[in-house]
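I opened this notebook to record what I looked up, going from one residue out to the whole chain.

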Amino acid sequence: MFGLCTPPCDPLGNDCPEGVVCNSVVHAGKFVCTYEGAAGNNEACVSTDDCGEGSTCVVNVLLPNCSSTRCTPLCELDAPDPCPAAMPDTACQTWPPYPDVDEACIPPGLGLCTMPL
């Protein structure tokens, strides 16, 4: 079914069961409960569940000076911008326009620390 966001979870207010966190599947704009990864901000990753809570794995072209996918923080577009301190040369930006993103699944005001466009 198109436009269905399941299993839904809140990436900024982790409402997943104990032992798992809400992570995003960036290229789809969906959020799922997964085990928390050990990679921190700006550390290499292969998939969403490699990153710690509150961050996600994004392709290098969205990040400054990166040659591989990296974990980058999620952010709130209408809050003070935490991105420059968390990952230098980034800013809180709207969700990347991947072809498979269902914008109805992205919580209002949710952004991602990426290079300013």
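**Entry: one residue and its surroundings**

I looked up Thr-72 and found that, leaving aside its neighbours within four places in sequence, Thr-72 is in contact (heavy atoms within 4.5 Å) with Asn-41, Gly-54, Ser-55, Thr-56, Val-58, Leu-63, Met-87, Leu-112 and Cys-113. I noted that this is a predicted model, in which local features need pLDDT of at least 70 and side-chain atom pairs count only at pLDDT 80 or more, while totals for chains, interfaces and linings use all residues. Residues are numbered from 1 along each chain as its sequence is written, and side-chain values use heavy atoms, with hydrogens and water left out.

I then placed Thr-72 in strand S4, which covers residues 70-76; strands are DSSP runs of E with at least two residues, helices are runs of H or I with at least four, and both are numbered from the N terminus. Is Thr-72 buried or exposed? Thr-72 counts as buried because its relative accessibility is 0%, where buried means under 20% relative accessible area, exposed over 50% and partly exposed in between, with a 1.4 Å probe and protein chains only. I also saw that the side chain of Thr-72 reaches the backbone oxygen of Cys-113 at 2.5 Å.

**Entry: the whole chain**

I listed 1 helix and 6 strands in the chain, and from the N terminus on they run β-β-β-β-α-β-β. Of the 117 residues of the chain, 42% count as buried. Along its principal axes, the C-alpha trace spans about 35 × 25 × 25 Å.

Terms used:
A polar contact is a pair of N or O atoms within 3.5 Å; within protein, one must be able to donate a hydrogen and the other to accept it, and residues adjacent in sequence count only if both atoms are side-chain atoms.
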